[in-house]
Amino acid sequence: MTPFASKYQKIFYILSLAAVLLSATVCLVCYFSGVNPLDYTRPCLFNQLTGYYCPGCGGTRAIISLLHLNLLQSFIYHPFVPYVAIIALIFIVTYTISLISKGKISYFKLRPIYFYISIALILGNFVVKNILIYNGIWIA
């Protein structure tokens, strides 16, 4: 599969850097102010209404595990989170190196297949967790 056009690669690079900077800022503010952002989250409405996990359930716990550098636990909570973090990290680092080298060193190019894998991980997480619930095996 051919990579996305270079203008989209650049847009994704800028958005990724902005997301990393925003996330780091929020983490630092929460850390130094003593505010726990989980105190302000609401329960999943889909889960409350149906008793099943939604496609995004586990995402917050996965992000927290990832911030604690527990990659396996993050993957168990929601495989999409560490997958995107790894892809984005590789992309950001290689794109930055490419910019510094003025294009002499190539960067990791994003391809549509990576986004299809993301969708498959989200749907797979949804199906697997709900099959486990249906069979009486609850995931904490």
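This is a predicted model: local features need pLDDT of at least 70, side-chain atom pairs count only at pLDDT 80 or more; totals for chains, interfaces and linings use all residues.
Local features need pLDDT of at least 70, side-chain atom pairs count only at pLDDT 80 or more, and totals for chains, interfaces and linings use all residues. Residues are numbered from 1 along each chain as its sequence is written, and side-chain values use heavy atoms, with hydrogens and water left out.

**Figure 1. Overview of the protein, with six helices and zero strands.** Helices (H or I, at least four residues) and strands (E, at least two) are DSSP runs, numbered from the N terminus. Along the sequence the pattern reads α-α-α-α-α-α. The C-alpha atoms fill a box of roughly 55 × 45 × 25 Å along the principal axes. Of the 140 residues, 24% are buried. Buried means under 20% relative accessible area, exposed over 50%, and partly exposed in between (1.4 Å probe, protein chains only). Of the contacts (heavy atoms within 4.5 Å) with a separation of 6 or more, 57% join residues 24 or more positions apart.

**Figure 2. Helix α1, residues 6-33.** Its 28 residues reach 40 Å from first C-alpha to last, close to the 40 Å expected at 1.5 Å a residue. The expected span is 1.5 Å times one less than the number of residues. Gln-9, Tyr-13, Ser-16 and Cys-30 of α1 are buried. Their cover includes α5. Just after α1, Gly-34 takes a positive phi of about 80°.

**Figure 3. Helix α5 and its buried residues.** The 21 residues of α5 should span 30 Å at 1.5 Å a residue, and its end C-alpha atoms are 30 Å apart, which agrees. Buried here are Val-81, Pro-82, Tyr-83, Ile-87, Ala-88, Phe-91, Ile-92, Tyr-95 and Ser-98. These buried residues pack against α1, α3, α4 (71-77) and α6. Lys-102 follows α5 and has a positive phi, near 60°.

**Figure 4. The crossing of α3 (residues 59-67) and α5 (residues 80-100).** The two axes come within 8 Å and cross at roughly 50°. Helices α3 and α5 are therefore oblique to each other. Angles under 35 degrees count as roughly parallel, over 145 as roughly antiparallel, 65 to 115 as roughly perpendicular, and the rest as oblique. Axes are lines fitted to C-alpha atoms, for helices over the stretch in contact, and angles run from 0 to 180 degrees between N-to-C directions. Gly-59, Ala-62, Ile-63 and Leu-66 of α3 meet Val-81, Pro-82 and Ala-85 of α5. Six of the contact residues are nonpolar, one is polar and none is charged. Elsewhere in α3 sits Ser-65. At 11% relative accessibility, Ser-65 counts as buried. Leaving aside neighbours within four places in sequence, Ser-65 is in contact with Asn-70, Gln-73, Ser-74 and Tyr-77.

**Figure 5. The largest nonpolar core, nine residues in all.** Its members are Tyr-13, Tyr-83, Ile-87, Phe-91, Ile-92, Tyr-95, Tyr-107, Leu-110 and Tyr-114. Helix α5 gives the most, with five residues. A nonpolar core is a set of buried Ala, Val, Leu, Ile, Met, Phe, Trp, Tyr and Cys residues joined through side-chain atoms within 4.5 Å. Ile-87 touches Phe-108 and Leu-110, not counting residues up to four places away in sequence.

**Figure 6. Phe-108, in the loop between α5 and α6 (112-134).** At 22% relative accessibility, Phe-108 counts as partly exposed. Phe-108 touches Gln-9, Ile-87, Ile-90, Phe-91, Thr-94 and Tyr-114, again not counting residues up to four places away in sequence. The C-alpha atoms of Phe-108 and Leu-132, 24 residues apart along the chain, are separated by 36 Å.

Key
Ala, Val, Leu, Ile, Met, Phe, Trp, Tyr, Cys and Pro count as nonpolar, Asp, Glu, Lys and Arg as charged, and the others, Gly among them, as polar.
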